Amino acid sequence: MKNFWSKGCKTLIALILLCQTIGMWNTAVASADSNSFGASPFVRTIAGKNVSYALDKAGQLWSWGMNKSREYSLLPQHEDQLSSLRIADIAGDSRTLTVLTVQGEVWLRNSQGTNKLDLQDITNIYAHANYAYAIQKNGNVWRWEDDQEGKTTAPSLIDGLPSPVVKIAASYALLSDGTVYDISYMNSAEKTGLTGIKDIIQGAEGCNLALKNDGTVIGWGYHWQPDGSWILTYGGGDYTNYNNPVTIKGLSGISQIAGGENHFAALTESGKVYVWGQNTKNQLASKENQSSVPTEVSGLPLISSLFGGSEALHNIVIDQQGKLWTWGNNKYGELGIASKVDDEMIPLRVAEPPSVQSAIGLYNMSMDGLASNEIQTWATDGKGGFLALTESQTLFSNDHGNSWQKAAPPTKTSLSTLYYAKDRYFLMPVNRTDPAYWTINGTDWQEVSQLPESISRGQVKWVNGDYVLIGEASLGAGTVVYISKDGVNWTLSAKVDGQFSQVYWNGSLYVGLGSGYKYYGKTTKRNQLVYDAKEGTKVELIVYTSSDLINWKQQSGIIDKSLNYRFVLNGVPETSGFPISQNSNGKFTFDGSSRKFSSADGITFISEPQPTSLTTNKIEMFSGPFSVKGRQLIFGTKWRGEGIMLSSSDSGKTWKKQAVKGIPFGMEVVWTGKQFVGFASESGLIAVSVNGIDWSMKRGPYPYANIDGIAKINGTYSAVGSEFQESVASVLRSKNGINWNSTWLGDRYSSSTPWMTSITAYGAKFIAVGSNRVWTSKDGSSWSQTNSFDSSVRLQQVTTDGSRLYAIGSKGISSFLSVSADGKSWSNVLNKGAEFQGIAIQGKKIAISGYQGKNAVLYSTADGGRNWSTMSIPTKGDSFLNPITVQWVNNSFVAIGDFIYNSTDGIHWTRDSSPLATLIEAEPRSYGYGHMTWSGSSSWYVASGNVFAVADKNGQWSVYHTGYNAENSVRGVIPFGTGVLAYGKEGLLLRITPN
């Protein structure tokens with residue numbers, strides 16, 4: 001069995017932490033379906049700090065602005081991670097989003113992930129700054145808090161409140177009889193002077209508002225004057241705290257009230273909106289700096305609802321047709337108007353994202369590299385049946401892996417794991433908001449819908465006559481255990497405080513096994529074992545036992561503060577992360593690269609060193625041992641994916657390296673009873689062998705290089721790039737642009753050969769550049785170095801006008817353009833204190849794109865380089881971290897970043913205002929920083945393995961989603977027949993042609 005956690009775990013964790021640290025633009029794609037934005041009237045919004053949320057009548061949730069992961073969006077995007085929930089209400093801001101489902105469950109989404117609170121039968125939720133509240137059906141009121149790191153405290157019951165409570169506004173609770181209680185510091189006391197109250201809000205700076213049943217509004221706290229006007233001392237001054245409520249001047253016939261960080265809004269029964277307070281970000285929709293009395297907002301249709309947020313500097317209202325209007329702060333795109341303006345005074349409609357159609361059925365699309373072809377997870381029934389999933393396909397075999405059929409997967413699989421139990425396969429999610437599925441035949445999938453509580457990292461086994469499903473409970477609340485007789489209907493058997501991930505039956509007891517906690521010190525207790533003798537680390541295994549799957553006893557692995565744990569995060573020690581398995585003889589084992597753990601009963605383990613002949617081969621992971629004709633075989637994977645097979649003729653005491661024919665990749669191998677089947681997941685390879693030595697490939701391998709450039713001469717394609725995290729130079733060759741052969745310039749362990757970053761066809765030769773070197777090749781396979789620049793030079797891109805070669809590169813903090821007729825002698829013709837990133841040439845016209853500081857910059861000439869013009873383009877946020885490309889497309893230069901600019905003469909540039917350009921400016925991470933080309937009849941634009949666009953003969957763009965889950969960034973696109981071939985990171989080779 002292969003699962004998501006078995007590879008790249010350290011890389012993934014590092015990537016997640018990096019993304020949380022530096023922030024990234026959102027990569028979700030809006031789709032044109034029944035759930036499209038605006039298809040259903042909106043019923044609820046949140047104006048949060050730097051972010052906005054909107055819930056429509058169909059229960060679909062949308063967001064824009066900066067969310068909890070510091071991702072930016074200038075247009076509404078569907079909250080796909082929460083799409084499986086039936087949402088009834090929302091509350092919160094950019095730090096934490098609180099969701100109430102129609103089933104009365106409460107979910108939180110913040111920097112710690114998406115988790116369900118241990119609350120049931122909730123009818124209402126509210127939030128204010130870092131506090132949130134829930135009202136239970138029985139009248140109980142709960143409160144919890146999020147700290148600056150997004151950690152959530154356990155919900156606490158607020159005592160002493162009469163029932164029923166109808167709303168919570170931070171420090172105040174509104175009862176159904178119109179009275180108000182102060183619930184500060186978990187105490188409850190009636191607020192005097194407040195009766196006949198219909199609604200209540202608490203803004204920042206201690207300002208409070210209450211709407212009375214008669215349509216008037218009263219206020220108390222800081223800033224309110226006795227005459228009902230507002231003391232405008234926000235941010236400093238002599239605050240006066242008026243605890244006695246006063247009637248707000250100029251308001252009557254009010255139906256709703258809302259507040260922001262330093263302003264308030266009120267809605268009249270006739271549909272008009274009034275605002276007052278500070279106007280730091282145009283939240284008052286006027287040119288005044290402030291207003292002490294409510295003033296009507298002009299330019300709005302009749303409004304039915306308004307909502308605020310205690311930390312918001314903008315407003316969102318819903319008109320009587322269910323459409324959204326907004327104004328105020330837009331620093332992070334929180335207005336959703338597809339504009340980068342910092343703020344907006346005039347109320348505008350929230351923009352509807354341009355339609356993104358499905359390309360399936362309209363275009364022929366094929367992924368010829370590893371992108372979307374990597375095997376994400378696989379499992380076997382142990383009798384010759386297999387099921388494997390890629391990001392876009394289900395692969396299944398019923399003949400011991402000899403032939404494979406394809407079908408559509410039930411869901412995105414890159415964060416899911418397959419298991420086989422008794423008679424069916426289960427697909428279990430890593431994210432608890434994603435559903436689990438089961439199938440018997442690999443084509444018909446059913447959702448596991450009987451689980452009353454969501455889980456993550458679940459595992460299913462057939463144990464002692466029952467299906468047993470275990471997983472991590474919400475918010476790290478331990479382990480949940482479910483049982484089923486038929487694999488469809490599930491019953492909660494137990495909730496265990498500790499964490500274990502596997503369950504076995506040892507003949508008399510159920511055994512729950514987790515990983516182990518690494519520490520330094522002695523091994524004095526049960527299951528404290530040597531983990532790495534050279535490093536000096538020990539591990540204490542996590543072991544539980546149960547006689548009935550209901551009551552569990554922990555045998556080892558209790559956290560001991562006296563132990564010197566290797567690493568502790570949030571009070572939990574680092575685990576070793578290895579799987580223990582039970583063999584056919586009932587013995588429990590784990591074979592590591594240096595140690596072997598074993599147990600007869602799964603309760604008490606011993607640790608033994610692996611044979612020296614096994615450890616010296618530096619195997620990172622392996623399958624086996626398998627017994628074949630008196631020998632034992634181990635199939636291993638070394639650093640950078642190298643495959644190795646070891647054989648032993650003395651029952652595993654000594655091991656010798658055995659040559660494997662035809663398979664250069666490390667594989668996970670299983671014996672079916674008839675033959676071996678191997679999966680090299682990171683190359684998409686599936687292979688079979690009868691003897692373990694001679695292998696036949698049934699699928700793949702797929703090129704997995706980071707491809708930086710492709711050129712074509714006389715029907716032969718040559719591609720250049722790198723592999724192993726850009727450590728090893730790689731070249732690819734194809735006769736048809738479909739089937740590719742990959743070779744290394746050096747070996748997989750060498751990082752001394754610089755990789756090529758760009759290639760062009762120059763007459764009958766391929767010319768490539770990279771690092772400080774220039775290479776040439778006649779066939780795209782054999783390369784020779786023709787020139788070496790100064791060691792401090794880094795060449796970025798090479799192209800040609802047919803008679804000369806042009807290369808851009810950098811030296812120190814400056815960039816240059818260099819020209820050569822033969823690829824050997826070069827002369828610089830342009831030097832700038834900027835970062836060059838792209839070049840395009842058409843005749844004597846030359847355009848170069850890049851950055852100067854945080855601004856995009858375009859250098860262009862129309863006379864072959866004698867005279868140059870410069871255009872600087874301001875960027876927003878972290879856009880400067882992403883590439884600016886330039887290309888010649890159908891009689892015009894096109895520069896693309898988080899914008900599109902065009903130039904026909906190489907001098908004058910105009911900003912593109914097409915729907916494609918609007919989409920790129922609004923959602924650059926999803927649609928921007930791509931590449932464009934001319935196929936001979938149409939302009940094509942490819943942003944990633946997910947998204948492309950095609951312009952018709954009138955220049956009108958249509959945007960499509962490929963249907964692949966391949967967010968790999970594109971590094972180039974070239975014509976391919978009537979379509980295009982796009983290439984990029986991590987084996988992206990995407991062919992698209994009209995159907």
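This is a predicted model: local features need pLDDT of at least 70, side-chain atom pairs count only at pLDDT 80 or more; totals for chains, interfaces and linings use all residues.

Colleague: OK, how many residues line the second largest pocket, and which lie nearest its centre?

Modeller: There are 39 lining residues, and Arg44, Tyr126, Lys167, Ile201 and Phe307 lie nearest the centre.

Colleague: Which elements give two or more residues to that lining?

Modeller: Strands: strand 1 (42-47), strand 5 (87-92), strand 9 (122-128), strand 13 (165-169), strand 17 (197-202), strand 21 (254-259) and strand 25 (303-307).

Colleague: And by class, what does the lining have?

Modeller: The second largest pocket is lined by 19 nonpolar, 12 polar and eight charged residues.

Colleague: How many bridges hold strand 11 and strand 12 as a pair?

Modeller: Two bridges, in the antiparallel sense, with strand 11 covering residues 141-145. As for who faces whom, Arg143 has Ser156 in strand 12 as its bridge partner.

Colleague: Changing topic: in the largest nonpolar core, which residues touch the most other members?

Modeller: Leu916, Tyr941 and Val959, out of 23 residues in that core. Strand 4 (72-78), strand 80 (893-896), helix 3 (915-922), strand 85 (947-951) and strand 86 (957-961) each supply at least two of its residues.

Colleague: Which of those gives the most?

Modeller: Helix 3, with five residues.

Colleague: What is Leu916 in contact with, leaving aside neighbours within four places in sequence?

Modeller: Ile900, Tyr941, Ala949, Trp957 and Val959.

Colleague: I also flagged Leu795. Where is it found, and is it buried or exposed?

Modeller: Leu795 is in strand 71 (residues 793-800). Its relative accessibility is 3%, and under 20% counts as buried, so Leu795 is buried.

Colleague: What does Leu795 contact beyond its neighbours within four places in sequence?

Modeller: Among them are Thr757, Val769, Asn772, Arg773, Phe789, Ile808 and Phe816.

Colleague: And how far is Leu795 from Phe307?

Modeller: The two are 488 residues apart in sequence and 54 Å apart in space, C-alpha to C-alpha. Phe307, remember, is one of the residues nearest the centre of the second largest pocket.

Note on methods
Residues are numbered from 1 along each chain as its sequence is written. Side-chain values use heavy atoms; hydrogens and water are left out. On a 1 Å grid over the protein atoms alone, a cavity is a set of points where a 1.4 Å probe fits but cannot get out, and a pocket is an open set with protein on both sides within 12 Å along at least five of seven lines; lining residues have an atom within 4 Å of a point. Helices (H or I, at least four residues) and strands (E, at least two) are DSSP runs, numbered from the N terminus. Ala, Val, Leu, Ile, Met, Phe, Trp, Tyr, Cys and Pro count as nonpolar, Asp, Glu, Lys and Arg as charged, and the others, Gly among them, as polar. Two strands pair if DSSP finds at least two bridges between them. A nonpolar core is a set of buried Ala, Val, Leu, Ile, Met, Phe, Trp, Tyr and Cys residues joined through side-chain atoms within 4.5 Å. Buried means under 20% relative accessible area, exposed over 50%, partly exposed in between (1.4 Å probe, protein chains only). Contact means heavy atoms within 4.5 Å.
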